[in-house]
Amino acid sequence: MKLDELYITARLAKLDLGEKEAEKLSVEVSRMLEYFAVMEKVDVAGLDATVQTLDRGNITRSDVVSSLDVTGRILANAPETEDRFIIIPKVL
Amino acid sequence: MKIKENLDSYLKYVSNWEEKIGSFLEFDISRTKGMSTVEGQLAGIPFGVKDNFAVEGFNITCGSKILEGVSAPYTATSVAKLQAAGAVVVGKTNLDAFGMGSSTDNSAFKITNNPWDTNRVAGGSSGGSAAAVAAGIVPFALGSDTGGSVRQPASFCGVYGLKPTYGVVSRYGLTAYASSLDVVGVVARTVEMTKTVFDTMKGQDIKDNTSVSHPGSRNNGDVKKIAVLKIEDGSLSDDVAKSYLESRKLLEKLGYDIVEIELPSLEYVVPVYYTIATAEASANLARYNGLRYGYRSKNGNDPGEIMQTSRDEGFGDEVKLRILLGTYVLRSGFQDQFYHKAQKIRTAIRNEFDKIFELADLIMMPVFPTAAFKHGSKDLDPFQQKVADRYTCAANLTGLPALAIPSSIENGLPVGVQFTAPAFEEDRLFNIAKVLEKDFPSPLAPGTKNWSII
Amino acid sequence: MKNSKTKAKYQTFIGLEVHIHLITESKVFCGCRNVFGSEPNTNVCPVCMGYPGVLPSLNEEAVKKAYQVAMALNCHLNEKAVFERKNYFYPDMPKNYQISQFEFPFGVDGYFDLELADGSTRKIRIHDVHLEEDAGKMIHEGSQSKLDYNRAGTPLLEIVTEPDLVTGEEAEAFVQQFRQMVRYLGVTDGNMEEGSLRCDANVSINEFGKGLGTKTECKNLNSSRFIKKALEYEIKRHTKVINSGDKIIQETRLWDESSSKTSSMRTKESSNDYRYFPEPDLPPYWPETKFLADIKESLVELPGIRKNRFIDEYGINQQQALFLTSEKSMADFFETVVEGDIEDKSLPGTVASWLSGNVQKILNNSGQGIEESSLSPRRLLSILNMIKKDKISTGIGKKVLGLVFEADKDPEDIVKNMGLDEGPDESEIFRIVSDIVDANPKVAEAIRDGADKQIGFFMGQVMKATSGKANPGKIQKLLREKILTGPEKN
């Protein structure tokens with residue numbers, strides 16, 4: 001994979017790669033993609049894609065409010081909070 | 001904790017072994033004792049849980065710096081069911097970060113060593129769970145299996161490793177790596193324990209819309225005919241090949257109808273697996289960005305930058321590699337040739353397995369081409385480790401249940417063998433495993449003992 | 001104002017993406033409360049906070065409401081509906097992917113009958129109706145941004161139109177009529193200020209017959225009025241750019257009400273590749289025949305249809321029908337009153353004018369909707385009946401109406417307790433009439449000579465003298481009698 005392709009992919013994945021890191025990863029990604037190329041040999045005419053391995057009926061949940069309240073624990077895990085808001089530097 | 005012997009001796013034993021193998025990231029026998037009922041089928045039984053499961057009272061790090069110090073605000077359904085049956089979570093076990101790896105060396109926090117030889121890996125990604133059970137610290141532990149991550153370490157450590165049918169055990173509370181492949185798995189010392197734990201956990205859960213209720217075996221778990229995969233020369237190490245052949249001979253001796261088969265689709269299972277797994281993983285791991293919990297980088301002036309730096313600094317190399325691969329195969333322009341193609345081949349693989357099950361009750365395959373390899377990738381580099389997933393990842397792609405069974409000791413290391421069954425036929429797996437357990441039960445690694453749990 | 005140059009040279013294409021926030025008890029994929037205005041991060045749980053290990057669980061009420069809208073929009077309902085992940089990063093996104101629908105939404109290829117200003121209707125094609133989850137909210141303050149995830153995971157229904165609208169005015173009308181429809185269905189409160197109805201617009205122009213042009217997207221359209229203004233601005237801008245030989249840049253633009261302009265958004269998601277793929281955590285949804293039949297049966301009569309029926313069935317005029325059907329609560333109220341005395345053919349007209357006049361005035365002052373007020377259909381009917389039976393005058397009736405609102409009491413009780421029905425009898429009125437006419441001989445003469453309008457002066461005097469209790473019809477009759485007979489001749 002060309003390095004600029006890797007940077008585009010990294011941007012989509014919100015990964016800030018350093019130069020050395022990018023070079024190393026580029027080699028590893030390329031190796032895997034070459035390996036994936038063996039899939040081109042397979043004839044999949046007439047086959048549907050498998051998204052899930054089980055066929056099941058419709059699954060829905062009743063529209064009721066759950067009484068469990070763990071908001072305190074959730075906020076305790078946040079790096080920075082103020083008056084119950086989670087704080088981050090201003091979005092540009 | 002209902003241990004027959006002195007509780008202090010037990011804790012000393014644990015401390016001793018933990019120094020040697022480092023299977024737990026957190027260990028505390030009393031911390032969540034109050035969350036387990038005092039009665040039930042598993043009353044008082046201690047167990048370990050892989051650290052990618054949410055368990056209130058413990059952290060959930062997934063073996064990664066990006067989740068260091070995150071306290072679990074809820075408990076996974078599978079764990080809660082075991083607690084309701086009386087079992088007690090005593091600690092969180094080590095893993096390859098986010099379940100990505102075959103050694104547990106990809107953990108950000110510590111190395112886990114194989115109780116049989118501390119220079120070697122315990123396998124991965126559920127290496128901590130397998131090592132803890134093999135060292136006798138707990139009689140069972142939970143792991144997760146996405147491409148073999150419960151079966152391979154179980155095999156490396158000489159214990160049983162079950163991958164149930166997809167959907168039969170709720171995934172709610174198991175950190176997602178690849179949503180359509182992940183299952184909650186069991187590592188245990190005996191077949192009986194494996195089965196009991198599985199039976200306790202199984203069942204539909206509304207919180208997991210992909211879960212189903214188990215319909216039971218169609219034929220009472222009966223096994224008469226076994227399809228044995230033909231092994232090409234050189235595809236297995238000598239030790240594993242020898243053990244595999246002996247397992248086959250034993251089955252013939254025991255009176256099973258054996259038919260040799262080939263699975264041509266095995267040639268494609270690994271690329272198909274990694275395409276689908278990394279694609280789903282790239283989306284599943286997008287939530288880890290330092291904003292709501294976990295590691296937040298000090299570098300970065302705005303949230304966009306902070307997300308990028310937190311992820312780059314928080315994720316390890318293997319995780320980054322898979323996220324990049326997964327993002328790539330979903331990109332517009334590439335999705336057809338990679339992701340969609342892989343999903344169609346996945347159907348072909350399932351069709352092939354279904355056809356074999358028309359003429360046999362079980363399929364026998366190796367678990368992994370070698371026994372436990374040494375730390376540091378000298379034996380097998382990360383790429384080779386991935387290619388070696390070929391025997392295990394087929395069960396994840398097809399959603400079928402599979403069980404790794406200890407089969408022998410070769411040159412001081414345990415070797416296992418794997419059985420795969422049709423969907424919902426776990427009883428057939430327990431059936432064959434019980435028969436073989438009479439001949440060769442899970443061996444005790446030198447210096448380890450089983451504690452008598454009441 | 002239409003630019004004649006635009007009209008001649010270019011064709012305009014406007015498409016809308018409308019998001020409505022569905023009314024449900026809980027969020028679409030978890031059991032958190034779905035409500036507006038709570039303290040920050042109080043209606044959150046591990047699922048809608050995107051914690052490790054959580055999974056979505058589909059809310060059946062959200063599905064039901066989605067199908068109600070898809071049906072009301074005459075969509076083809078896909079045999080199988082599939083949820084998909086739309087992948088992008090943003091601080092208000094708990095998972096950094098949104099669960100939405102893409103290839104197989106609940107409904108596709110529908111249409112909406114838009115009523116145009118000239119009274120005609122045109123079918124606006126609906127591309128699709130799909131269900132998705134909302135993101136959290138960010139408040140910017142100084143050097144910080146503050147995140148509140150209460151809204152994250154609440155059910156959103158997105159309705160995408162084809163680019164069939166041609167003016168800002170049409171787009172405004174579409175949003176207003178669409179809003180009315182979804183309020184009728186009871187699936188949303190459609191409150192644009194609170195954000196439960198949001199609208200983005202896509203617009204392009206091109207020479208006639210050349211198809212769609214390069215489009216721009218307009219955001220930050222917080223009212224239907226802004227939609228009209230922003231689109232008119234954009235169309236002008238597009239025209240200017242193309243006339244000068246330049247090309248339109250495909251981009252997203254924000255409407256700024258204070259300057260009345262759109263400006264380019266700094267590229268926050270420049271050419272985002274969303275990498276849609278089917279959501280592995282949610283099975284496909286196959287709507288069953290009975291389920292759909294039940295929904296179809298429960299679909300309320302839509303406003304346009306109801307309006308026309310009111311005109312046909314009750315003989316009221318277009319303006320009255322429009323007013324009565326503007327909100328379902330008002331239309332329901334009207335019909336309940338009318339059904340109280342089905343034989344009286346003049347009743348609908350009376351009720352219509354009372355509702356649009358006296359009642360609406362009071363409601364406007366109090367800011368309430370009719371369903372929240374103390375006036376019930378039975379109470380209104382009671383007032384109208386008392387007037388019909390001459391028990392009280394219309395004027396008294398109006399007073400009683402106001403008192404019903406204020407005191408929340410039945411009108412019969414009010415009239416009884418205040419003695420409002422004890423108006424003077426005929427001989428009493430005649431005596432008052434005589435006194436007043438005798439006291440003003442010149443006016444009486446003027447009226448006899450033909451200055452008929454002056455009778456209003458006498459009317460006013462008599463009304464005052466009877467404290468408004470006397471029946472105006474009676475007063476008129478007696479006045480004429482008295483005036484015609486001339487002054488008392490002794």
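Chain B meets chain C through 40 residues of chain B and 31 residues of chain C, where contact means heavy atoms within 4.5 Å. This is a predicted model, in which local features need pLDDT of at least 70 and side-chain atom pairs count only at pLDDT 80 or more, while totals for chains, interfaces and linings use all residues. Residues are numbered from 1 along each chain as its sequence is written, chains are lettered from A in the order in which they are written, and side-chain values use heavy atoms, with hydrogens and water left out.

The size of an interface is often given as the accessible area lost when the parts come together. Between chain B and chain C the buried area is about 2,700 Å². Buried area here is the accessible area (1.4 Å probe) that two parts lose on being put together, summed over both. Carbon and sulfur atoms give 59% of it. On the chain B side, Asn209(B), Arg287(B) and Arg292(B) lose the most area to chain C, together 24% of what that side buries.

The rule finds 1 salt bridge across this interface. A salt bridge is a side-chain nitrogen of Lys or Arg within 4 Å of a carboxyl oxygen of Asp or Glu. Arg171(B) pairs with Asp281(C), and their closest N and O atoms are 2.8 Å apart.

Which helices of chain B supply at least two residues each to the side that touches chain C? They are H7 (266-284), H8 (303-314) and H9 (317-330). Helices (H or I, at least four residues) and strands (E, at least two) are DSSP runs, numbered from the N terminus. H7(B) gives the most, with 4 residues. By class, this side of chain B has 20 nonpolar, 12 polar and 8 charged residues. Ala, Val, Leu, Ile, Met, Phe, Trp, Tyr, Cys and Pro count as nonpolar, Asp, Glu, Lys and Arg as charged, and the others, Gly among them, as polar.

Now the interface of chain A and chain B. Here 54 residues of chain A are in contact with 70 residues of chain B. About 5,400 Å² is buried, 67% of it on carbon and sulfur atoms. The rule finds 6 salt bridges. Arg31(A) forms a salt bridge with Asp381(B), with 3.8 Å between the closest N and O atoms. H2(A) gives the most to the side of chain A that touches chain B, with 10 residues. That side divides into 33 nonpolar, 6 polar and 15 charged residues.

Chain C also holds an open sheet of 9 strands with mixed pairing, in the order E2-E5-E6-E9-E1-E10-E11-E12-E13. E2 (76-77) and E13 (261-264) of chain C stand at the edges, each with a single partner strand, so one side of each is left without a neighbour in the sheet. Two strands pair if DSSP finds at least two bridges between them. E5 (107-115) and E6 (121-133) of chain C run antiparallel, joined by 8 bridges. Phe112(C) stands opposite Ile124(C), and Tyr111(C) opposite Arg125(C). In their hairpin, with 5 residues between the strands, Gly119(C) takes a positive phi near 90°.
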